[in-house]
Amino acid sequence: MKNILVLGAAGQIGSELVPYLRNIYGDSHVVATYNRTPLPKEVMEAGPSTQINATDANSMNEVVKKFNIDTIFNLVAVLSAKGEANPPLSWKVNMETTFNCLEIMKDAKGAVFTPSSIGAFGPTTPKDHTPQDTIMRPTTIYGISKVAGELLGDYYYLKYGVDTRGLRYPGIISNVTMPGGGTTDYAVEIYYAAVKEKKYRCNLPAGTFLDMMYMPDALRSAVELMEADPAKLIHRNCFNVTAMSFDPEIIAAEIRKHIPDFVLEYEVDPVKKAIADSWPNSMDDSAARNEWGWEPEYDLEKMTKDMIEKVSAKLKK
Ligand code: AKB
């Protein structure tokens, strides 16, 4: 990876991935792009950036040529809950962006990282220790676009030799940019609410187990996969990766170790509940561990300590 384009650099993952990549590959080698939401000032100032609509192939191609891009991190997506509110928008944004990245990197002979998700699984998938290769019949438009993206990635690799790679991310927990439109967003909001008000109203019911990961592990996993020896990759698009699995009661109990009077209440959102119920409780990520050495650093305890420190410091400013 010499010259990298990050699509969706203003989002939850993008806003942290850009500085992470710049630290490794050099500020001038990582181009941050955004569409409607402006980039954080630090990201704009530290290296190249530009505004593009990723569904417009011509404008993406111009940027790729201008900066001599050889690798795209394709982080543009309408997430699961927002997708259910507007399926045509979700399909257009998720699929056209992925297709443009693949077509453009086919011509540029480059690489594409596209995250998939636990959302690529569905109600008929085995729920516990969900295998790498298993039934994938998602029932959300987001999940359908993620499965299609995985298959397109495989297709472009097999047919054209594009170096496509991807991870099935679980819910990502972070403290720089809030997530938006996802089903797992509660696991970020709960920390902010705990620090601010010592109280949180959760939109998923007790007993809803989902895979999760802390942002430092999410960033490292993306780079480790992109740097992995291609000869060892059997799966490419897309590896199950996880760091922990919990339900709202378990994360609340961990938060109470730091904020003993934290109160968790419920106001269940039926759309989010239905989505979460169709996803795995916990994935088996042994293919990622075996093929490129994936190993998470943060468990729930270590992540909660760090989240509470960082969110407290942020809210004091
Ligand atoms: C969502 O909840 O939609 C995302 C995801 C798990 O892909 N965070």
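A polar contact is a pair of N or O atoms within 3.5 Å; within protein, one atom must be able to donate a hydrogen and the other to accept it, and residues adjacent in sequence count only if both atoms are side-chain atoms. The model is predicted, with local features requiring pLDDT of at least 70 and side-chain atom pairs counting only at pLDDT 80 or more, while totals for chains, interfaces and linings use all residues. Residues are numbered from 1 along each chain as its sequence is written, and side-chain values use heavy atoms, with hydrogens and water left out.

**Ligand contacts**

- An N or O atom in the side chain of Ser 80 is 2.5 Å from an oxygen atom of the ligand, and a polar side-chain atom of Tyr 142 lies 2.6 Å from a ligand oxygen atom.
- Thr 183 brings a backbone N or O atom to 2.7 Å from an oxygen atom of the ligand.
- Taken alone the ligand exposes 250 Å², of which the protein buries 93% (accessible areas by the Shrake-Rupley method with a 1.4 Å probe).

**Ligand shell**

- The residues around the ligand, with a heavy atom within 4 Å of it, include Leu 79, Ser 117, Ile 118 and Trp 279.
- This shell divides into four nonpolar, five polar and no charged residues, where Gly counts as polar, Tyr and Trp as nonpolar, and Asp, Glu, Lys and Arg as charged.

**Domains**

- Domain bounds come from an automatic or database domain assignment, which divides the chain into domain 1 (4–171 + 213–240) and domain 2 (178–211 + 244–279 + 298–316).
- The ligand shell draws at least three residues from each of these domains.
- Taken over C-alpha atoms, the domain centres are separated by 25 Å, and 20 residues of domain 1 are in contact (heavy atoms within 4.5 Å) with 22 residues of domain 2.
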